[in-house]
Amino acid sequence: MRRTVRLSLGLAAVLTVAAPAGLAWAQTAPAPYDQRRGVFTFAGGLEKSLPAVVQVTTLGQSEGPSSASREPKLIATGSGVIIDAAQGIIVTNQHVVENGTKFTVDMLDGRLLDATLIGADKATDIAVLKIEAPGLMQVEIVDSDTLRTGDVAFAVGYPLGLDQTVTMGVISGLNRSGLGDAVEDYIQTDAAVNSGNSGGPLLDSRGRLIGINTSILSGGGGGNDGIAFAVPTRIMLVVVGQLRDFGEVRRGEIGAVLGSLTAERARELGLGIVRGAVVLDVAPGSPAEQAGLRAGDVITRIHSRPVANAGSVLATVGVAAPDSRLNVAWLRDGVEMGGEVQVRMATPQGVVMGQDRLLARGATLAAASGDVPGLRVESVESGSVAAAAGLRAGDLIVGIDGAGVADLAGASVALSAEGVRALTVRRGEGEVQITL
């Protein structure tokens, strides 16, 4: 069956489309077509959500000697979206509000409102603001797990100093990771996202929220190259819920030190795959050990989700409620195995002691090889305390608070203590001092 539809598009055009026999597609499928104006449009779905998209301005306190220099100054601008109109709850990016002391929100209707910071989470780049005003509108939220590659998507925000702007693209990929953040499970889209879009919503073709725009990949100059990433609503809702309840995110852990499966590691393990999370070590008595995981295993799925690298596991475990159980599938010597792992509350110090590795404050440490004293830094999670302090993979820690580093156990005790630690680090031919 073929059906010819004449469209008024400003030009005499005829569109011929093929429809499956017996399918009354014109009557049953809502086509984005405005019969009155004779144009294709998604405006009907988007217009109800646009009033919920706001511009966020972050001001910080100067430390100058005069009163004038102590006035708040502009630090950053970005976008945000109202998800709870009754309570005035806005979601934006953590990097938009970072170091801010005062926050303002520009509404689509022209109102300028003061906002209060409820909480922020660096690992997921999510922050929550609160405003008080009548007549607010909120966006409808949809489960991001229902998305499919190829779905139409819209990025809305205030880029490059412009007023509210809508750009269109498609979902280019799902479960993206490898960007270096501690918790990774991004939606990738080619909708144009630029400076100022950070924290704004990614909407589906019906104007429903599917993610929060957070970053781009650019070949140079910081412009848009058609590769942008958004935090999916699956993660956003958990993080926002905890920030609203506790002012912070209380993460889970399973007691495993993980690394990403690279081509080099895959060859060493004799595997024909390059996606997965390698278990580098397992803490004695931890949930991971009780589930049957051990060093050398490669986690391929967790909670029915494919694992691209270590960030994929952190994304699932990190937002899981303590005491919840997750199904895990892994490879051992090329044989697929599986089990359940129970999530426990992460230790406040962020220290996990394994058989021959130590995960401390975002850095994975192992004893140096040969007769060299100290601990070798194997990896550093981006966004972690260790990364912020300047610790790098390949560094050799030779001292903590002026004392030599004898073994992993001693380092675990020292790094578990509250407060900052002074590290003496051998890097290349020299030494650097790092406060961790």
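1. Two strands pair if DSSP finds at least two bridges between them. Strand 13 (residues 186-189) and strand 16 meet that cut-off, with 3 bridges in the antiparallel sense. Ile-187 has Ala-230 of strand 16 as its bridge partner. The model is predicted.

2. Overall make-up. The protein chain contains 9 helices and 32 strands. Of its 436 residues, 46% are buried. Take the contacts between residues at least 6 apart in sequence: 55% of them join residues at least 24 apart.

3. Strand 16. This strand (residues 228-232) has 5 of its 5 residues buried, so the rest of the structure largely encloses it. Strand 15 (residues 209-216) also pairs with strand 16, antiparallel, over 5 bridges. In that pairing Ile-212 stands opposite Val-231.

4. Tyr-186 sits in strand 13. Its relative accessible area is 4%, so it counts as buried. Ser-312 is 126 residues away in sequence, yet the C-alpha to C-alpha distance is 9.5 Å. Ser-312 is one of the buried residues of helix 7. That helix (residues 310-318) is mostly covered, with 8 of its 9 residues buried.

5. Strand 8 (residues 102-106) and strand 9 (residues 112-121) run antiparallel and are joined by 4 bridges. Val-105 faces Leu-113 of strand 9 across that pairing.

6. Salt bridge at helix 4. The structure holds 12 salt bridges. One of them joins the side chains of Asp-145 and Arg-234, at 3.6 Å from N to O. Asp-145 lies in the loop between strand 10 and strand 11 and Arg-234 in helix 4, so the pair ties together parts 89 residues apart in sequence. Asp-145 is partly exposed, with a relative accessible area of 42%. A network of salt bridges links Asp-145, Arg-234 and Arg-305.

7. Asp-281: which side chain of opposite charge is nearest? It is Arg-357, 5.1 Å away. A salt bridge needs the side-chain nitrogen within 4 Å of a carboxyl oxygen. Asp-281 is buried and has no salt bridge. The Asp-281 side chain does reach the backbone nitrogen of Arg-357, at 2.6 Å. Asp-281 belongs to strand 19 (residues 277-282). Its contacts beyond four places in sequence include Gly-255, Val-257, Ala-295 and Asp-356.

8. Arg-357 and its partner. The Arg-357 side chain forms a salt bridge with Glu-378 (2.7 Å, N to O). Arg-357 is in the loop between strand 25 and strand 26, Glu-378 in strand 28, and the two are 21 residues apart. Arg-357 is buried at 18% relative accessible area, whereas Glu-378 is partly exposed at 33%.

9. Asp-401 and Arg-421. These residues form a salt bridge whose closest N and O atoms are 2.6 Å apart. Both lie in loops: Asp-401 between strand 29 and strand 30, Arg-421 between helix 9 and strand 31. They are 20 residues apart. Asp-401 is partly exposed, with a relative accessible area of 44%. Arg-421 is buried, at 14%.

Methods. Residues numbered from 1 in each chain as written. Predicted model: local features only at pLDDT ≥ 70, side-chain atom pairs only at ≥ 80, totals over all residues. Heavy atoms only, no water. Buried < 20%, exposed > 50% of the residue type's maximum accessible area, 1.4 Å probe, protein only. Lys, Arg positive; Asp, Glu negative; His and termini not counted. Polar contact = N/O pair within 3.5 Å; in protein donor to acceptor, adjacent residues only side chain to side chain. Contact = heavy atoms within 4.5 Å.
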